[in-house]
Amino acid sequence: MHLRRLRKLSLRAPRTTIRSIGAGSKPGFQQVQAFSSTPSTTSTPEMPFEANPDNFPKPEFWIPRAERKGRSVFKADNTMWFGANRLLRNDRRCPSRDLNFTPLDWANHRSPYRRIRHMINIFKSSTIQRLFFPELSMTAGIALGLAYYNEIVVSGAADAMLSISPTAFGGATTAIGILAGFRLNASYGRFEECRIFWGDTNNAIRDMARQTKMWLKDPDQQARMLKLLKAYPVVLNFHLNTKGGHHNMQRFDSKAAPFGDRVHAEFLAELRDIYTDGEDITDFHRMAKVKYTGGNTPIEVLTLMGETIAASVGTVDSIYVREIDEQMQRLCAVFGASERVLRTSLPTSFTRHTSRLMHFWSNALPFAYYSTLGPFGTVFASVFTSWAIQSIEDIGVQLEEPFFVLPMRQYSDGIFDAVNQVGRNYEVYELPSAKADAAEAAELPQLKVGENIGTANGVPLKRAHESN
């Protein structure tokens with residue numbers, strides 16, 4: 001009890017930053033003091049520099065859950081018809097990021113009017129906006145230059161006009177299309193795999209939350225484990241994505257604080273929204289320190305989970321301890337697989353080769369079209385064909401890094417809500433027969449020692465001792 005009281009008071013105590021430490025102190029990170037079994041004024045942990053929000057900019061994107069009041073915190077792209085399931089893009093280079101689909105989204109997705117809607121929004125397409133410059137602009141410029149040369153410079157002289165046989169060029173176009181399709185399939189395999197990883201993470205955390213409430217006997221251990229389960233998707237999000245899913249954060253902003261400090265401020269804000277009660281605050285300090293020093297924060301959270309499980313040995317049956325540990329092993333395996341995808345791209349030689357072929361093919365299109373389409377048709381057909389094929393390859397490049405496209409913030413919020421629901425609604429179930437037996441036992445008369453409790457063969461029986 002002393003330990004938990006001191007932890008709770010640590011948030012209320014005045015915060016001391018690294019700048020206010022005496023001259024004899026070593027610069028760097030303030031270490032958290034270990035708690036002793038005897039309460040004293042020196043056993044309260046000081047707020048480390050990397051865990052103190054006063055040392056970092058104010059969070060710009062995170063909205064505390066207490067202030068949301070049921071409204072969505074995701075900025076949707078409302079400029080497009082039925083765009084509520086798509087995150088707003090702050091730059092033409094950003095890919096499309098779809099949120100979790102609802103039944104209404106699926107209905108719009110398969111609507112017979114979807115092609116009309118897509119054509120109306122064609123110039124808001126992320127692929128067109130990304131390819132507009134320099135790829136499509138370069139193709140259009142070459143087509144215009146070719147038209148000027150053939151029509152103005154050589155005045156339409158057939159022997160002096162520049163062109164390529166469209167029949168010979170058709171084989172190259174087919175090969176380029178197959179190559180772009182293969183690139184997209186390989187990238188989509190990575191995208192699907194990472195979505196499965198998040199699904200496995202969600203399932204494992206739900207199972208651990210349920211098992212925590214079922215088998216851990218100590219309320220403090222239960223509370224600590226549930227907080228760690230809420231914190232895990234947060235730290236995983238920031239580990240797999242530099243911005244922690246806050247895609248509208250500008251990396252280079254001369255008027256703002258350093259990028260790393262702004263990211264850390266968002267990280268602290270999310271974790272403090274979990275540790276609002278002031279309990280288990282040393283776990284928060286440890287996660288903040290590992291994140292600030294560039295360590296592996298998900299591994300630190302898994303270590304804290306392991307410490308909690310190990311502390312339950314002796315009070316919980318070993319079979320149940322093993323069951324909880326197996327769920328933690330699932331989390332560790334999925335995390336390792338996620339890091340494999342994050343740190344390993346498709347062979348870069350394949351990516352470079354595809355990019356070069358696309359560049360040469362796209363810029364050669366005007367020469368293949370000119371002999372049959374003339375100056376005006378060449379410009380339009382070259383740009384359209386270039387966009388049709390290069391957009392397939394561009395989508396593949398975007399999907400190759402799934403953690404930059406998946407709505408991981410929405411996944412984290414969903415896991416938080418699931419753990420909250422398990423922790424809030426779980427009740428120990430008591431069999432109706434056991435309730436009836438307990439009620440019947442409570443209604444039995446309390447007899448004193450020596451009082452008659454019945455007869456046996458006509459001989460009265462007396463109570464020999466008090467019941468417990």
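Trainee: By class, what residues make up the lining of the largest pocket in this predicted model?

Mentor: In this predicted model, 17 nonpolar, 13 polar and ten charged residues form the lining of the largest pocket. Helix H11 (348–400) is among the helices that each supply at least two lining residues, and H11 provides the largest share, five residues.

Trainee: Which residues are closest to the centre of the largest pocket, and how much space lies in this pocket?

Mentor: The space comes to about 1,300 Å³. Of the 40 lining residues, Arg86, Ser96, Asp98, His109 and His118 are the closest to the centre.

Trainee: What makes a residue count as part of a pocket lining?

Mentor: A lining residue has an atom within 4 Å of a pocket point. For the second largest pocket, of about 560 Å³, 19 residues form the lining, and Cys94, Lys243, His247, Arg251 and Phe404 are the closest to its centre. By class, that lining holds seven nonpolar, six polar and six charged residues.

Trainee: Why is Cys94 called buried?

Mentor: The relative accessible area of Cys94 is 11%. Buried means under 20%, so Cys94 is buried.

Trainee: Why does Cys194 count as buried?

Mentor: Cys194 has 0% relative accessibility. The cut-off is under 20%, and Cys194 therefore counts as buried.

Trainee: How many disulfides are there?

Mentor: The count is zero. A disulfide would require a pair of cysteine sulfur atoms within 2.5 Å.

Trainee: Which residues touch the most other members of the largest nonpolar core?

Mentor: They are Leu229, Tyr232, Leu271, Met287 and Met305, in a core of 58 residues. Helices H5 (166–215), H6 (219–240), H7 (259–272), H8 (281–292), H9 (297–311), H10 (318–343) and H12 (408–425) each supply at least two residues of this core. H6 gives the most, with eleven residues.

Trainee: What makes such a set of residues a nonpolar core?

Mentor: Its members are buried residues of nonpolar kinds, joined through side-chain atoms within 4.5 Å. In soluble globular proteins, nonpolar side chains tend to be buried together.

Trainee: With which residues is Met305 in contact, leaving aside its neighbours within four places in sequence?

Mentor: Met305 is in contact with Met208, Met225, Leu228, Leu229, Tyr232, Met328 and Leu331. Contact here means heavy atoms within 4.5 Å.

Definitions and conventions
Residues are numbered from 1 along each chain as its sequence is written. This is a predicted model: local features need pLDDT of at least 70, side-chain atom pairs count only at pLDDT 80 or more; totals for chains, interfaces and linings use all residues. Side-chain values use heavy atoms; hydrogens and water are left out. Buried means under 20% relative accessible area, exposed over 50%, partly exposed in between (1.4 Å probe, protein chains only). Helices (H or I, at least four residues) and strands (E, at least two) are DSSP runs, numbered from the N terminus. On a 1 Å grid over the protein atoms alone, a cavity is a set of points where a 1.4 Å probe fits but cannot get out, and a pocket is an open set with protein on both sides within 12 Å along at least five of seven lines; lining residues have an atom within 4 Å of a point. Grid points are joined across faces, edges and corners, and a volume is the space filled by probe spheres set on the points. Ala, Val, Leu, Ile, Met, Phe, Trp, Tyr, Cys and Pro count as nonpolar, Asp, Glu, Lys and Arg as charged, and the others, Gly among them, as polar.
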